[in-house]
Every structure is written in structure tokens, then in C-alpha cells.
Amino acid sequence: MSKSLIIAEKPSVAQDIVRALTPGSGKFDKHEDHFENERWVVTSAIAKGNVNDIDTHAAELAPGVLAVVTHKNAGRLGQGDRNIAALL
């Protein structure tokens, strides 16, 4: 069985994601730099590497998910005091 990878912006967000996923997908084991269970690997950093593809299909089908936002559907950044993108 393959696992899905979730990359969070920082460790505290990775912990929040694990808390949200635990009721539906089981307990996570905590490792030095990531969390892992039978279905998911949740981390908060890639020291060096290239992301070639992101398969969002499983995330889109997960209960309670309203949207999965990536560069493909976020829209262009707006002009102004802050860079913002329309999410939904």
C-alpha cells in the first residue's frame, strides 16, 4: 500500500494536521523529523530536493475537506500591501 505525503509549512502545522487526521486514519508514530502511520507521512520540511508531482486525489476525497489549494487552482497573486490569492 502506498502512502501519501503531506508537507506543512512548519512543525506546529504538521502537528495540527496529524491531530486532524488521527481520528479517521489511526495513530501516528512520531519520528525526529516527521509523523507516519499506515496511510500518511506528514513532515514540515524538505532539506533539499525537487517536488515533481503532487497527487491531491486522496486529500480531495477525505471527509471534511472543502478544498485542496495548489499552484494549479489558487489563482494569480493580487497586487497590494500583501500578496494574496483567491482560494475558493
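1. A nonpolar core is here a set of buried Ala, Val, Leu, Ile, Met, Phe, Trp, Tyr and Cys residues joined through side-chain atoms within 4.5 Å. Buried means under 20% relative accessible area, exposed means over 50%, and partly exposed covers the range in between (1.4 Å probe, protein chains only). By these criteria the largest nonpolar core has eight residues: A8, A14, V18, L21, F28, F35, W40 and V42. The elements contributing two or more residues to this core are α1 and β4, and α1 gives the largest share, three residues.

2. On provenance, the model is predicted: local features need pLDDT of at least 70, side-chain atom pairs count only at pLDDT 80 or more, and totals for chains, interfaces and linings use all residues. Residues are numbered from 1 along each chain as its sequence is written, and side-chain values use heavy atoms, with hydrogens and water left out.

3. The protein contains two helices and four strands, where helices (H or I, at least four residues) and strands (E, at least two) are DSSP runs numbered from the N terminus. Along the sequence the pattern reads β-α-β-β-β-α. Of the 88 residues in the protein, 19% are buried. Contact is taken as heavy atoms within 4.5 Å; among contacts with a separation of 6 or more, 37% are between residues 24 or more positions apart.

4. Strand pairing requires that DSSP find at least two bridges between two strands. Strands β1 and β4 run parallel and are joined by four bridges; in this pairing, L5 stands opposite V41 in β4. Strands β3 and β4 pair in the antiparallel sense over three bridges, and H34 has T43 of β4 as its bridge partner. With three residues between them, β3 and β4 form a hairpin.

5. How are the two faces of β4 covered? W40 and V42 on one side, and V41 and T43 on the other, are all buried. The relative accessible area of V41 is 19%, and that of T43 is 10%. Leaving aside neighbours within four places in sequence, V41 is in contact with K3, S4, L5, I6, H34, F35 and E36. With the same exclusion, T43 touches L5, I6, I7, A8, A14, D33 and H34. V41 and A14 are 27 residues apart in sequence, with a C-alpha to C-alpha distance of 10.0 Å.

6. As a general remark, nonpolar side chains tend to be buried together in soluble globular proteins.

7. A salt bridge is defined as a side-chain nitrogen of Lys or Arg within 4 Å of a carboxyl oxygen of Asp or Glu. The count by this rule is three. In general, side chains of opposite charge can pair when their charged atoms come close.

8. Which parts of the chain does the pair of E36 and K3 link? The side chains of E36 and K3 meet in a salt bridge at 2.5 Å, N to O. This pair links distant parts of the chain, with E36 in strand β3 (residues 34-36) and K3 in the segment before β1 (4-7), 33 residues apart. E36 is partly exposed at 22% relative accessibility, and K3 is partly exposed at 40%.

9. A salt bridge also joins R19 and D16, whose closest N and O atoms are 2.7 Å apart. R19 and D16 are separated by about one helical turn, because they lie three residues apart in helix α1 (residues 11-25). R19 is exposed, with a relative accessible area of 54%, whereas D16 is partly exposed at 43%. The side chains of D29 and K27 likewise form a salt bridge, at 3.7 Å, N to O. D29 is partly exposed with a relative accessible area of 43%, while K27 counts as exposed at 65%.

10. Surface areas come from the Shrake-Rupley method with a 1.4 Å probe, and for residues only the protein chains shown count as cover. The protein exposes about 7400 Å², of which carbon and sulfur atoms supply 52%. Patches are made of residues with over 30% relative accessible area and no salt bridge, like charges being joined within 9 Å and nonpolar side chains (Val, Leu, Ile, Met, Phe, Trp, Tyr) within 5 Å. L5, I7, V51 and I54 form a nonpolar patch on the surface, with about 380 Å² of accessible area together. Of these, V51 lies in the loop between β4 (40-43) and α2 (57-61).
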